[in-house]
Amino acid sequence: MDTNKTQNNLLYIKELSVVYKAESSSLTALNQISFAMENGQNLGLIGESGSGKTTLALSLMGLISLPHKVEGEVEVLGKNILSLPEKQIRKLRWKEVAMVFQNSLDVLNPVMKIGHQIVEPLKEVEALSIKESAGEAQKLLELVGLEYYWKDAYPHQLSGGMRQRVLLAMALSCSPRLLILDEPTSSLDAVIRKEMFKLIQSLQNKFGFSTLVISHDLTAMQVLTERLMVLYGGEILEKGLTREVIEEPAHTYTRGLINSSVQAFPYKDLWGIPGETISSRQGCVFAARCTQALSECRISKPSLKKLNLDREVACHQDGIVDLLRVKGVYKSYNVNQATIQAVKGVSLRVRHGETVAIVGRSGSGKSTLAQIIAGFIPPDGGEVTFFNQAVKDNTPVCKEGGIQLVLQDPFSSLSHRFTVKDTLMEPLQINKIGSREERLERVKEALLAVQLPIANSFLERYCSTLSGGQRQRIAIARGLVMKPKLLIADEITTMLDVSTQANLLRLLKGLQNSNGFAMFFVTHDLHLARKIAERIIVLHQGQVTEEGSSSFVTEESCCFHTRALMEAGL
Ligand code: SF4
């Protein structure tokens with residue numbers, strides 16, 4: 001998917017821009033995008049609605065006309081269709097590039113029989129007699145596995161899967177070199193969807209066409225494409241091998257898309273990417289929604305940069321940055337003249353804005369590790385860095401945008417002598433942050449964020465008079481007043497009843513989604529971990545025994561300790 005022109009290019013797109021014009025306004029749907037596709041390649045295109053995916057497909061078909069503005073180069077097999085007259089574009093359309101549109105009911109003519117419609121594209125490029133048309137219709141229906149008698153049916157008499165097959169047959173009727181599939185499986189159930197994948201693959205083996213697949217469906221991407229391109233606000237933010245992009249997205253936007261997908265995280269509570277604003281075209285188009293945006297991001301536009309042979313990302317920080325790195329950390333305690341090795345050479349990383357769960361049985365070293373990361377206890381060996389700075393004492397906890405730790409026991413982690421207000425004001429006062437009024441404002445913001453009242457009567461209540469769930473919310477709010485970039489949640493739900501536990505977790509995940517902090521979630525419960533985290537690290541007797549995406553660790557792991565934790569939670 002290089003941007004260089006080669007002899008083998010099926011498609012070569014250079015600085016393509018599309019602006020839709022209305023009477024008094026205009027909308028940039030594509031902004032100077034460039035990429036190339038070689039013969040035989042299968043490319044996937046992902047992005048939210050409005051990212052420009054369908055506009056790109058329509059541009060390749062030469063279907064965007066005045067008053068809308070299309071600029072740049074769109075070369076199909078060496079011919080720039082933007083400079084061709086409509087008559088010649090029509091020759092290329094269907095014959096070289098064909099498209100299976102989504103919403104089959106909208107695309108098919110409701111009052112025309114299938115047998116007539118299926119040969120329409122063919123009739124556009126070739127003059128066919130009635131007999132020839134009938135013969136072609138039969139061949140095409142057979143090609144996509146439909147009995148010939150369906151020729152006399154009207155579109156509404158066919159199921160969604162059958163209509164999709166008809167559209168596929170129409171698109172393939174002129175033997176195109178490139179087939180564009182726009183959401184080929186979005187309206188199909190799981191069984192029909194699988195059949196559709198098989199059909200597309202077998203037709204591809206037979207005819208050798210390339211595909212450009214537009215879909216929200218990550219499974220479709222994994223099955224049908226080898227390469228993936230991520231579009232946002234009409235710009236390309238990431239390109240790479242499909243498997244690698246899905247397993248380890250490099251751009252914060254790609255990660256947000258994948259984290260919102262039920263296929264990637266079948267057990268996790270899903271949250272979309274917060275915000276909808278497209279930043280000004282001057283800076284990074286994703287800056288308003290990015291969890292790691294810098295001031296530079298709003299001023300200058302990042303261009304696509306190669307991270308390795310196959311991966312490119314448009315980001316001033318070369319993609320998602322590592323927030324926390326733990327390298328070869330050791331810790332031991334002396335108990336009754338015996339030395340207990342609590343943490344043995346643990347290495348891990350937490351990236352900006354992600355949730356990593358560390359899972360292990362009691363005594364596996366999880367809480368010790370959490371305390372080392374927060375800087376509360378020093379390691380015997382190894383190194384912890386936060387924002388590339390070594391964590392030596394509890395400095396990250398004492399500053400805004402640092403690390404905050406919420407402990408498991410809401411009864412002992414808050415002083416019973418403190419009111420709610422004192423509890424939340426304290427970290428701001430100790431660290432001399434803001435004026436008295438500003439501190440109070442922050443306290444109220446944090447209380448609202450954790451869905452607790454801000455009335456004086458509540459602010460003046462002693463923490464000892466609150467329920468366990470309320471105290472844990474206060475503990476989270478106490479962390480939030482410091483606007484952390486990393487929140488360590490150490491078994492925060494173990495002392496709560498199941499209903500309070502569920503509410504608290506949902507609240508925490510919602511806060512993370514809206515505030516963009518990363519979370520290090522310490523738990524003994526692997527089932528809980530897969531509901532909340534993108535990545536899971538399993539700790540056993542102070543050592544990391546497994547690490548991977550939450551679906552891999554909980555579904556495919558062969559590790560004995562992981563399996564034991566899974567079974568223990570059932
Ligand atoms: S860090 Fe900056 S350049 Fe990179 S994606 Fe975020 S806003 Fe864009």
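What percentage of the contacts in the protein chain with a separation of 6 or more is accounted for by residues 24 or more positions apart? The share is 65%, where a contact means heavy atoms within 4.5 Å. The model is predicted: local features need pLDDT of at least 70 and side-chain atom pairs count only at pLDDT 80 or more, whereas totals for chains, interfaces and linings use all residues. Residues are numbered from 1 along each chain as its sequence is written, and side-chain values use heavy atoms, with hydrogens and water left out.

Of the 570 residues, 52% are buried. Buried denotes under 20% relative accessible area, exposed over 50%, and partly exposed the range in between, with a 1.4 Å probe and protein chains only.

Salt bridges number 25, each defined as a side-chain nitrogen of Lys or Arg within 4 Å of a carboxyl oxygen of Asp or Glu. In one of them, Arg-442 pairs with Glu-400, and the closest N and O atoms are 2.4 Å apart. This pair links distant parts of the chain, 42 residues apart: Arg-442 belongs to helix H14 (residues 436-449), and Glu-400 to the loop between strand E17 (389-390) and strand E18 (403-406). Arg-442 is buried because its relative accessible area is 17%, while Glu-400 counts as partly exposed because its value is 38%.

A further salt bridge joins Lys-509 to Glu-534, with 3.5 Å between the closest N and O atoms. Lys-509 lies in helix H17 (residues 498-515) and Glu-534 in the loop between helix H18 (526-532) and strand E21 (535-540), so the bridge ties together parts 25 residues apart in sequence. Both Lys-509 and Glu-534 are buried. Elsewhere, shared partners connect Glu-248, Asp-322, Arg-325 and Arg-349 into one network of salt bridges. Within that network, Asp-322 and Arg-325 have their closest N and O atoms 3.1 Å apart.

The ligand is surrounded by residues including His-251, Cys-284, Gln-292, Pro-302 and His-316, a residue being near if one of its heavy atoms lies within 4 Å. This shell comprises seven nonpolar, five polar and no charged residues; Ala, Val, Leu, Ile, Met, Phe, Trp, Tyr, Cys and Pro count as nonpolar, Asp, Glu, Lys and Arg as charged, and the others, Gly among them, as polar.

Notes. Helix = DSSP H or I, 4+ residues; strand = E, 2+ residues; numbered from the N terminus.
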